[in-house]
Amino acid sequence: SKADLCALMSRDDDGFVRWDSAQALATRVINEVEAQIRQSAAAVVDPLLIEACRGLLCDESLDPAMVAAMLTLPGEDYLAELASHAGGANVDTIHNARWTVQAQIARACQAQLLDCYQRLASTADYAPSPGQVAARSLRNTCLEFLACARDLQPDLAPRQFAQAHNMTDRLAALRAIVFYGDEARREQALERFHSDWRHDALVMNQWFAVQAAMPLGDTLERVQRLLSHPDFDLRNPNKVRSLVGVFAGQNPVQFHRIDGAGYRFLADMVLRLNGANPQLASRLLGPLSKWRNYRGRAELMCAQLQRLAAQPDLSPDVFELVSKSLAGRE
């Protein structure tokens, strides 16, 4: 029961059991909220989960890294995988339900999140030590929660972005601004980050990735524009994975657009890479191969797979994945 999961999450002496129980409880609550959204009912988050999260934030004896992992809600791809066993996943309601649960936890636990965020602030020199890594992890998890509610602490992420002394904190702040901030702040932060780090190819990969993962309506168009960016190179596999791979594999709500534009874009990119780097092309194709998991998208996804299958010069790597993906489909 949810009460049992809450008890295990709060009091078990095995860290893995506590994390696993937290994930199971959060999954169940998100599924409940998704059902409410599908029925056009008011979305209500079970107070059990809220109180359990509040308890975690208040217990300073716990390892911050474990608290961060327990607070982090299950990802949309994982939720979609579970839903695929019960008739298929609806990416839109999953996205809305997960965001609703996260935002309601943030509103109910705002004081505890802010207190934890401020308590873990440090002026010490950066070090990749376990203690510092754990503290940064939980602090940035708190930032994510507070930012997702949008109106709670709108200046928190911009302030961290401006004051951060390490890349972990700066990227976390950039993500919070880009995902949840207003357009002016989003573009200003992206421009500043690019100006500061365009000389570092590995950091620029993160700049491309955070834009590809934005759950916003114009993300696909942004990704298409970034293909022509001076710092992007289609011949560089890391650049391609950071932009195209992240969009297709880590942005379900925009990749699975109901108009099928995300699928067409991925198929186009696979065709462009088919001759130059067939191994990369076949790996990018992975998200399209999961067409059976999604409700209302199978025809659109298979149409692009069939379009690829009809190409006369398809590389063996891509052909193998396409043919296996379509196997058994009438």
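## Helices, a core and some salt bridges

Let's start where two helices touch: Ile 105, Ala 106, Arg 107 and Ala 108 in H6 meet Gln 110, Gln 112 and Leu 113 in H7. Contact here means heavy atoms within 4.5 Å. Sorted by class, this contact of H6 with H7 has 4 nonpolar, 2 polar and 1 charged residues. For the classes, Ala, Val, Leu, Ile, Met, Phe, Trp, Tyr, Cys and Pro count as nonpolar, Asp, Glu, Lys and Arg as charged, and the others, Gly among them, as polar. The helices (H or I, at least four residues) are DSSP runs, numbered from the N terminus.

Before going on, keep in mind that this is a predicted model, where local features need pLDDT of at least 70, side-chain atom pairs count only at pLDDT 80 or more, and totals for chains, interfaces and linings use all residues. Residues are numbered from 1 along each chain as its sequence is written, and side-chain values use heavy atoms, with hydrogens and water left out.

**How the helices cross**

Two packed helices are described by the angle between their axes and the distance between the axes. The axes are lines fitted to C-alpha atoms, for helices over the stretch in contact, and the angles run from 0 to 180 degrees between N-to-C directions. For H6 (residues 91-108) and H7 (residues 110-119), the axes come within 4 Å and cross at roughly 80°. That makes H6 roughly perpendicular to H7, a label given to angles of 65 to 115 degrees.

H6 also packs against H8: their axes come within 8 Å and cross at roughly 100°. So H6 is roughly perpendicular to H8 as well. On the H6 side, the contact is made by Trp 99, Gln 102, Ala 103, Ile 105 and Ala 106, and on the H8 side by Glu 144, Phe 145, Leu 146 and Cys 148. Those residues divide into 7 nonpolar, 1 polar and 1 charged.

**What is tucked inside**

Which residues of H7 are buried? They are Gln 112, Leu 113, Leu 114, Cys 116 and Tyr 117. Buried means under 20% relative accessible area, exposed over 50%, and partly exposed in between (1.4 Å probe, protein chains only). The cover over the buried residues of H7 includes helix H3 (47-58), H6, H8 and H9.

The largest nonpolar core has 109 residues, and Leu 49, Val 101 and Ile 105 have the most contacts inside it. Such a core is a set of buried Ala, Val, Leu, Ile, Met, Phe, Trp, Tyr and Cys residues joined through side-chain atoms within 4.5 Å. Setting aside neighbours within four places in sequence, Leu 49 touches Leu 25, Ala 26, Val 29, Val 101 and Ile 105.

**Charged pairs**

By the rule used here (a side-chain nitrogen of Lys or Arg within 4 Å of a carboxyl oxygen of Asp or Glu), the count comes to 19 salt bridges. Here are some of them:

| Pair | N to O distance |
|---|---|
| Asp 155 and Arg 185 | 2.6 Å |
| Glu 221 and Arg 257 | 3.2 Å |
| Asp 259 and Arg 257 | 2.7 Å |

Take Asp 155 and Arg 185, whose side chains meet in a salt bridge. Asp 155 lies in the loop between helix H8 (130-148) and helix H9 (156-163), and Arg 185 in helix H11 (residues 183-197), so the pair ties together parts that are 30 residues apart in sequence. Asp 155 is partly exposed at 39% relative accessibility, and Arg 185 is partly exposed at 30%.

Now for Glu 221 and Arg 257, another salt bridge. This pair links distant parts of the chain, 36 residues apart: Glu 221 is in helix H13 (residues 219-226), and Arg 257 is in the loop between helix H15 (252-255) and helix H16 (261-274). Glu 221 is partly exposed at 31%, while Arg 257 is buried at 15%. Arg 257 also pairs with Asp 259, which is partly exposed at 38%. Elsewhere, Lys 2, Glu 32 and Asp 46 are linked in a network of salt bridges.

Is Arg 297 buried or exposed? Arg 297 is buried, with a relative accessible area of 4%. This residue lies in the loop between helix H17 (278-284) and helix H18 (298-309). Not counting residues up to four places away in sequence, Arg 297 touches Val 91, Asp 92, His 256, Arg 257, Ile 258 and Tyr 263.

Most residues other than glycine have a negative phi. Ser 40, though not a glycine, has a positive phi of about 60°. Ser 40 sits in the loop between helix H2 (15-38) and H3 and is exposed at 71%. Arg 150 isn't a glycine either, and has a positive phi of about 70°. Arg 150 is found in the loop between H8 and H9 and is partly exposed at 41%.

Methods. Parallel < 35°, antiparallel > 145°, perpendicular 65-115°, else oblique.
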